[in-house]
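Take a walk through this structure, one region at a time. Keep the sequence and the 3D view side by side.

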Amino acid sequence: MISQFFVLSQRGDNIVFRDYRGEVAKGSAEIFFRKVKFWKEDGQEEAPPVFNVDGVNYFHVKVVGLLFVATTRVNVSPSLVLELLQRIARVIKDYLGVLSEDSLRKNFVLVYELLDEVIDFGYVQTTSTEVLKSYVFNEPIVVDAARLQPLGPAAIFMQGTKRMPGTAVTKSVVANEPGGRKREEVFVDIIEKISVTFSSSGYILTSEIDGTIQMKSYLSGNPEIRLALNEDLSIGTGGGTVYDYRSSSGSGAVILDDCNFHESVRLDSFDMDRTLSLVPPDGEFPVMNYRMTQEFKPPFRINCLIEEAGQLKAEVIIKVRAEFPSNITANTIAVQMPLPKYTTRASFELEPGAVGQRTDFKEANKKLEWGLKKIVGGSEHTLRAKLTFSQESHANLTKEAGPVSMTFTIPMYNVSRLQVKYLQIAKKSSSYNPYRWVRYVTQANSYVARI
Amino acid sequence: MAPPAQSQRSPSPSQPSGKSEVSDLKLQLRQLAGSRAPGVDDSKRELFKKVISYMTIGIDVSSLFGEMVMCSATSDIVLKKMCYLYVGNYAKVNPDLALLTINFLQRDCRDEDPMIRGLALRSLCSLRVANLVEYLVGPLGSGLKDSNSYVRMVAVMGVLKLYHISASTCIDADFPSILKHLMLHDSDTQVVANCLSALQEIWSAEASTSEEASREREALISKPFIYYLLNRIKEFCEWAQCLVLELVTKYVPSDSSEIFDIMNLLEDRLQHANGAVVLATIRVFLQLTLSMTDVHQQVYERIKAPLLTLVSSGSPEQSYAVLSHLHLLVMRAPYVFSSDYKHFYCQYNEPSYVKRLKLEMLTAVANESNTYEIVTELCEYAANVDIPIARESIRAVGKIALQQYDVNAIVDRLLQFLEMEKDYVTAEALVLVKDLLRKYPQWSHDCIAVVGNISSKNVQEPKAKAALIWMLGEYSQDMQDAPYVLESLVENWDEEHSAEVRLHLLTAMMKCFFKRPPETQSALGAALAAGIADFHQDVHDRALFYYRILRYNVSVAERVVNPPKQAVSVFADTQSSEIKDRIFDEFNSLSVLYQKPSYMFTDKEHRGPLEFADELGNLSIGEAANNVVPTQMVEENDKDLLLTTSEKEETKGSRNNGSAYSVPYDGSSTSVFASQTQIESAVSNPTLAGHSPQASFAIDDLLGLGIPAAPAVLSPPQLKLNTKAALDPSTFQQKWRQLPVALSQEISVSPQGVAALTAPQALLRHMQSHSIHCIASGGQSPNFKFFFFAQKFEESSNYLVECVINTSSAKAQVKIKADDQNTSQDFSTLFESALSKFGTS
């Protein structure tokens, strides 16, 4: 049971504020914001998503720079409240198409309307966009999506890939298109976040794939959909969840450690032919989440060398090699590396003819940053940096710097080899042929090479 | 801030200049109020929006109340909604104005559009004005009977709102019993769920004053009602499922086959994508199997994968909430997770609060087979840019060293830390080496060699400095220049700001003096003089004490200050096991995230609707029921588990997912699908179901469970008790905390006993006649709780008993603690025999 719900901007302004039970004083938003802003004196540590001030529990999640907050005095289930906050954000996004400070402010009456139906006297009533549609009457005022920072992992499809209608992911589920007719289409996104840690000798210490099959349906009349996955897909490693990187590679089978499903998914024939059937509700939702520790080929290899080069000087060489096919291109790559604390200057040297790359030395936190617009499969890129120190280094330099971390996005590529073999929509008539989009993407979650 | 951009305002020719925005709005609203012109609703919408945007940013627009109400005479639902929002916000502060709205809200409650009926009813109940409650009763009554489920849903919450404004009005109108009827009969599951939420709140609040309410509350966790909910669980929305699961946690099944039925039924909830549903299900599983050690362990194995999946899917906030629960489980049963340690490795971009949990988990799961890898990983973090985390990683290495037998490799690592020449690393490592030496004095040679090389000038942090000084004092015979290092520290006495360091310095000087007197004597004199002159009281006192004891007798002083030390085997845990158990009992709540039981951070009235009044005076701290003894019943079950595989298949087949928990498929399983009529008769009559024990047996029998046979009366053993024993509550409480549990068992209570136990007092008198005295008691049917004590005849040896009796299962959980452990078995027999005679005499 929650007492209040509010959304704050990055500067701490109230965008919406709803008090459901009148148990918590009105000043809670300010108390909350001050606490989050100044969690620790040094400002280094982030406030946890849940904390208690004078008997009031504050929950918050951050979505596109906005703070979605709930308060309560009761000892509730934290998962329930945090999940709820996330869902509220999703419902609002379904309605507005784009979730941003601007769109919220333009549509705050609609948002209030939604909030009144989602929660009554602190108890959750529904978070289903489908159900809410029959209770909510305000029309969304659609804001221009192009100018705004988009929400969610599916947003990456807006850049780069020409085949995708860029506006689709930011289209409201309820608003009508200018032409009056809605386009019949359904999006299925396979989004994989990968975590890899390489040892200093390049050996893979840990690796994990956290995947989601996300769906967003704009189909009218709620037809049933069947999603077929790899036939050789298996779940659970039998003897528990022991990490074993040597097992089962080569056989080609996809082995998930575990997975879970959205409520609407029926698994009647899943054991037989790996088919999920569902009637997709309106709005965006995860059909299935999965986790995999089976060995996979990491998309990038990182080599890093740091060595002394004379008095008060050192040289860093970072090499990144793309180990995926050349018809695939990774984009928005960023490489970071903490340098020794006593580094005062860094001068960079890129490979000859490098385009779309930038380098930076962040003086404040002594970090090296290297950004690349894109990397084509099979290519290799090198960065050299000359460092100047303010003091003699006593210990081993490799203990003072690193590790190298990397973020990237690779569209139309997934490392797990999990596939949607087909997407079948129960036919209403022979002429009914909605657009079906199946898209893959791999993103770095924690991609680290130790030196 | 909010959208009221100037340009958006509809141009109005009559707009007077120089007036404030609010009075502008007032005028414009007034003009539109009576208008029937086409398109007037659109202009009203714009104006209403502006009003609400001012309201959001905190501008007082309450002066528009009259105009807003006038304008809302419309059929436009969007307008109505905005008006309701406005009215709800200002009614409380303007009760007189609120009266204005009653009329049109009441009229809307009879509108033909169910949406409008629902909305109006919700707004009416949200006014929160005490003197208007009389207007609520009528519309609420018809709302509860409305043919549309949306209106009923709203009406149910409306009853709860009314209860909070005026409890007596709500009770007098007999709304709770109408809700109860709806809860059992309504076809819409959201209506049912809302009834459940509302009734839990109402009856919990009433329970302290009304016996009927407390009976009703008990009936919510009676078997028929729980089964009624469980059988429909998939029809509920995910949030209502959480509500149901929370209720199921409170239910005490009568036997193990029932437990397996419930678990098999809920098995597929573990695959839900909503973490709240999964955690609520896990809590049910953990609570149900508390007394079945083997199955409990199976549950841990089963929930591992879903928990790990939840941690890695979802937003960082959600995964933190789940990780905190995983942390709790890892701390309770580290061996179950020892092969999953790689999941607890930190990622560089995780927030500190996540890393901290993971470090603790890594420390807990370290064992012979994985320590090397874990420590290697932790050493990587020691060079982390995040200094607090780096420090905690080093501490984690130290903790692992202290809990392992084979510390060889770890000691080397720690010593390497000392050589890393980062001041915070050195500081942490020094503290650790000190603790390590206290536990493993045999490592002193290796450590001292390295510690001796550290210049005390490079150590600034008080804790680290104190550790270094302690080692200098303790091992001064092995460290060549110990007296001189200490001497130089004494010379800088005035620059030492930490009293802790100065205290350690005094003690170290003394120790050093006993070992190497000629080299230390003068420095000791200087230290004592400085200490006596110290402004800090403790430092002053200690110096004076040393000075006097030295003058009195040097060898006595040595015995006091520097006795031979015993190695410390276990360092004290920071949190008592009782607190930990309490947190575990509150699984899937904030207690787990804060790592505190709820009484430490919530006011009593906010502990949640289902917090049962189980506080027995001030004795409530150590009562968690975790001391599990595998009873014979469980063993028999395990046999069945192996024997009836074919039946297992049957049960499996009917459920979505083959599960690990199996049960003989016998008559009791059918009770899950007990017919509606039985359920109704039982639930609609809580007097039968919960209160009178005999009646509850009748129902059990209906469901085919049979009456448990009365246990044979045991002959009393040879232990004599003091009939006039006396023990005051604080002593009891103290002893209860200190003593270990000598015996813990489950005793059957005879049907006669159950029948006689209508109130705690009956049993008290009975036990007293057996020289077993009660110190605290409480609870309501079916759960009673007692604390007893007894004393041995002509001896001051005490026996303490915690006894929880559940009348519906006819079982008593007994925990016995004793001063004299040897006789606890005799006492237990005596206690059992006394209890078995209850109700027969």
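B:Phe827 and B:Phe831 are both buried (under 20% relative accessible area; exposed is over 50% and partly exposed in between, with a 1.4 Å probe and protein chains only). The model is predicted, so local features need pLDDT of at least 70 and side-chain atom pairs pLDDT 80 or more, while totals for chains, interfaces and linings use all residues. Residues are numbered from 1 along each chain as its sequence is written, chains are lettered from A and ligands numbered from 1 in the order in which they are written, and side-chain values use heavy atoms, without hydrogens and water.

Stay with helix H42 of chain B, residues 824-836. Helices here are DSSP runs of H or I with at least four residues, strands are runs of E with at least two, and both are numbered from the N terminus. B:Phe827 and B:Phe831 are four residues apart in H42, so about one helical turn separates them.

B:Ala834 lies in helix H42 as well. Its relative accessible area is 1%, so B:Ala834 is buried. What does B:Ala834 touch, not counting residues up to four places away in sequence? The partners are B:His766, B:Met767, B:His770 and B:Ile772. Contact means heavy atoms within 4.5 Å. B:Gln745 is 89 residues from B:Ala834 along the chain, and their C-alpha atoms are separated by 15 Å.

Now turn to the rings. A pair of aromatic rings is described by the distance of the centres and the angle of the planes. Rings of Phe, Tyr and Trp (its six-membered ring) pair if their centres lie within 6.5 Å; planes under 30 degrees apart are stacked, over 60 edge-to-face, and the rest tilted. Over all chains, the structure holds 36 aromatic pairs. One of them is stacked: A:Tyr435 and A:Trp437, at 6.2 Å centre to centre with 5° between the planes. A:Tyr435 has 41% relative accessibility, so this residue counts as partly exposed. A:Trp437 has a relative accessible area of 16%, so this one is buried. B:Phe827 and B:Phe831 form a tilted pair, with 6.2 Å between centres and 40° between the planes.

Chain A also holds an aromatic cluster. Its members are A:Phe6, A:Phe17, A:Phe32, A:Trp39, A:Phe51 and A:Tyr58.

Charges meet rings too. The charged end of A:Arg21 sits over the ring of A:Phe121, 4.2 Å from its centre.

Step back to chain A. It has seven helices and 26 strands. Of its 451 residues, 60% are buried.

Next come the cores. A nonpolar core is a set of buried Ala, Val, Leu, Ile, Met, Phe, Trp, Tyr and Cys residues joined through side-chain atoms within 4.5 Å. The largest has 274 residues, and A:Phe5, A:Phe68, B:Tyr86 and B:Leu326 touch the most other members. Apart from it lies another core of 73 residues, including A:Met292 and A:Ile302.

Finally, look where the chains meet. In contact are 90 residues of chain B and 89 residues of chain A. The area buried between them is about 7,700 Å², and carbon and sulfur atoms give 56% of it. Buried area is the accessible area (1.4 Å probe) that two parts lose on being put together, summed over both. B:Trp239, B:Glu317 and B:Tyr348 supply 10% of what chain B buries against chain A, more than any other three residues.

Key. Lys NZ or Arg CZ within 6 Å of the ring centre and 35° of its normal.
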